[in-house]
Number of protein chains: 2
Amino acid sequence: MNKTIIKLALATSLALSASTALGADKLLLKTPIAFSTSLPGLGSPIPRVAEQLNLMSGGTLKMKVYEPGKLVKPFEILGAVSSGAINSGYTTAGYWAGKIPASPLFSAVPFGPEAGEYMAWLYYGNGMELYQGMYDQAGYNVHVLPCAIIAPETSGWFSKEINSKDDLKGLKMRFFGLGGKVMQKLGVAISLLPGGEIFPALEKGAIDATEFSMPAIDKRLGFHKVVKYNYFPGWHQQATVFELLVNKDVWNEMSGQHKALTENACKASMTDSLAEGEAIQFEAMQENIDKNGVHIMQWSDEMLALFKTTWDEVAVEEAANDAYFKTVLDDLTEFRDGYKLWKENAFLPRK
Amino acid sequence: MNKTIIKLALATSLALSASTALGADKLLLKTPIAFSTSLPGLGSPIPRVAEQLNLMSGGTLKMKVYEPGKLVKPFEILGAVSSGAINSGYTTAGYWAGKIPASPLFSAVPFGPEAGEYMAWLYYGNGMELYQGMYDQAGYNVHVLPCAIIAPETSGWFSKEINSKDDLKGLKMRFFGLGGKVMQKLGVAISLLPGGEIFPALEKGAIDATEFSMPAIDKRLGFHKVVKYNYFPGWHQQATVFELLVNKDVWNEMSGQHKALTENACKASMTDSLAEGEAIQFEAMQENIDKNGVHIMQWSDEMLALFKTTWDEVAVEEAANDAYFKTVLDDLTEFRDGYKLWKENAFLPRK
């Protein structure tokens, strides 16, 4: 826990005991978030969750959403929820990669599952048990609930065509999660900036390229004004999961009714966020083509194969370095090996 | 409204005013269902919805689920909910095809959207407005909520390989929805039997072949004991939506809190049912291969093209016969034409 959080914890500990317990059966979840609520799919789900909790509970369970940095900085939410400085937070597990190596596996896996398969593993495989177990084992006092999911991201924004490994070398690029480790291994200098800091960095030339999210989200951040080559498919994030973290003592004290309300609001949010994410990308892409001079690019088969073999190497290394990473990856891989029989037979081709 | 329903309406009208209004702020939804709760993905979602409604509402909003035929027959649920004979029901819109030609478009569309795209159109396109508008315009007094969705079905079960149009001709087959109209045009004699009646019909030879649902669901019904060729992909139902119908007067009288609880329980059920459906198919398929002597078959490109061109003909005919069908199909088609740009770029290949 760093000094800011300790100060915050001290400053708010008294206030919280009053503000979170509005009465014997009332609760206010004060929820800082990692993504601006203006970002559709990333930030937009959580105000909906807050609204529905209020409606469903008749006002006994409220959530107050704080924009990124207003109460806690995006990358400090986990620590703050765990310490009890705040009682909840909305973010994505991969932001804790520096502290918990396995955490990005619960955000997005390169060449990993799409939304349907990911949710299948989480809710009907061992995913949720491993997800909660990860925080428990790492000593964080939090209860975790998946609370949004989005369909594929784009592979990122570049100032030029990327046709070979050589074209990647030496690039300075914002990149998230395990995909970032893949890019790093391919000679890219990686930084992980939160959403709000990316555009200024691109504009100043501090970075040459960036990935962030889906086209409609990236559009809000204005990347297309600086870099015109937008690559697909998003091999690094075919689906991304977002989490609501609740301080575990607070969770344990919640009534069964409030727990059920929170669980259902988050599960409903999975549906809503997936649907919203799928609904609004094509217009953003079309506008990028028609008005913004953006080139919609597809990775060549060779580049996709390069990313895949590099990811396989990264996965082996990460599993060798961290036992829990290995446990999760092995479980997910076993699930996916089985799922393959279904996947390869059940669906129509997409093109 | 047929005589059975009228009798039922008379018999239960007094009882209902007591049983559905437990008090000023209490409600019991008596919910007959079209699919046995023993069928995972089809019937299993609704007992979960009932359980969660009870937990979330602290017992003020309850749902009592009635197995198929116990209170109302599967194909009579819409009429019974509309008349007020019962206050709710769980089924799928395509069962009303005989009364409302556009209804199957809200169950499953041949060569139509997968779950993500379908939910995108329903919740963030014009889908929900058209869905409710369909019942309103057809004179049914119901409020509709999508309350479950499943990933692809299999294309059906046959006693022999189907390699050409000639192999289809003269088959007697159970088939649902718009896919059934395609098969009919290809010379198949179609019947629409509810789940429980299919196996006996296969066993007696009243039908030669059947489609019903996903492998784990079909397994429960035992089709593999009679017919050994299981075809994929399910071109006729890449995703299937299930609906909770609530009598509109009952819905309008519900408090905002109870409405929000029902809406969120159903949206959470969309996540759950999609995840469950995706999670449990591969084991069923593997067991079919290993223990049941089932041949997992893929349609040839020629057969898929035949189904596609025949569906295009059916769609034109249905649209010419019914204005609302045309309205819905045109809207969905426009949405899908846009979505294509996203779909063809964003996803990794499945094989």
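Predicted model: local features only at pLDDT ≥ 70, side-chain atom pairs only at ≥ 80, totals over all residues.
Let's start with the site. UniProt, in an unreviewed entry, places the feature "binding site" at Glu153(A), Arg174(A), Glu211(A) and Gln237(A). These residues are spread over 85 residues of sequence, yet they cluster in space, with a largest C-alpha distance of 14.5 Å.

Take Arg174(A), which sits in strand β6 (residues 172–174) of chain A. Its relative accessibility is 1%, and since buried means under 20%, Arg174(A) counts as buried. Beyond its neighbours within four places in sequence, Arg174(A) is in contact with residues including Tyr95(A), Ser191(A), Leu193(A), Ile207(A) and Glu211(A). A polar atom of the Arg174(A) side chain lies 2.8 Å from the backbone oxygen of Leu193(A).

Now turn to Gln237(A), found in the loop between β9 (229–232) and β10 (240–247) of chain A. Gln237(A) is buried as well, with a relative accessible area of 2%. Not counting residues up to four places away in sequence, Gln237(A) touches Ala108(A), Pro152(A), Glu153(A), Phe176(A) and Glu211(A).

Finally, look at the helices. In chain A, α13 (residues 301–321) and α14 (residues 323–346) pack with their axes 5 Å apart, at an angle of about 130°. The two helices are therefore oblique to each other. On the α13(A) side, the contact is made by Trp311(A), Ala315(A), Glu318(A), Ala319(A) and Asn321(A), while α14(A) brings Ala323(A), Phe325(A), Lys326(A) and Leu329(A). By type, the residues of this contact divide into 6 nonpolar, 1 polar and 2 charged.

How values were computed: Residues numbered from 1 in each chain as written. Chains lettered and ligands numbered in written order. Heavy atoms only, no water. Axes fitted to C-alpha atoms, helices over the stretch in contact; angles between N-to-C directions. Helix = DSSP H or I, 4+ residues; strand = E, 2+ residues; numbered from the N terminus. Parallel < 35°, antiparallel > 145°, perpendicular 65-115°, else oblique. Contact = heavy atoms within 4.5 Å. Nonpolar A, V, L, I, M, F, W, Y, C, P; charged D, E, K, R; others polar. UniProt positions renumbered as here; feature names shortened; annotations may be inferred. Buried < 20%, exposed > 50% of the residue type's maximum accessible area, 1.4 Å probe, protein only. Polar contact = N/O pair within 3.5 Å; in protein donor to acceptor, adjacent residues only side chain to side chain.
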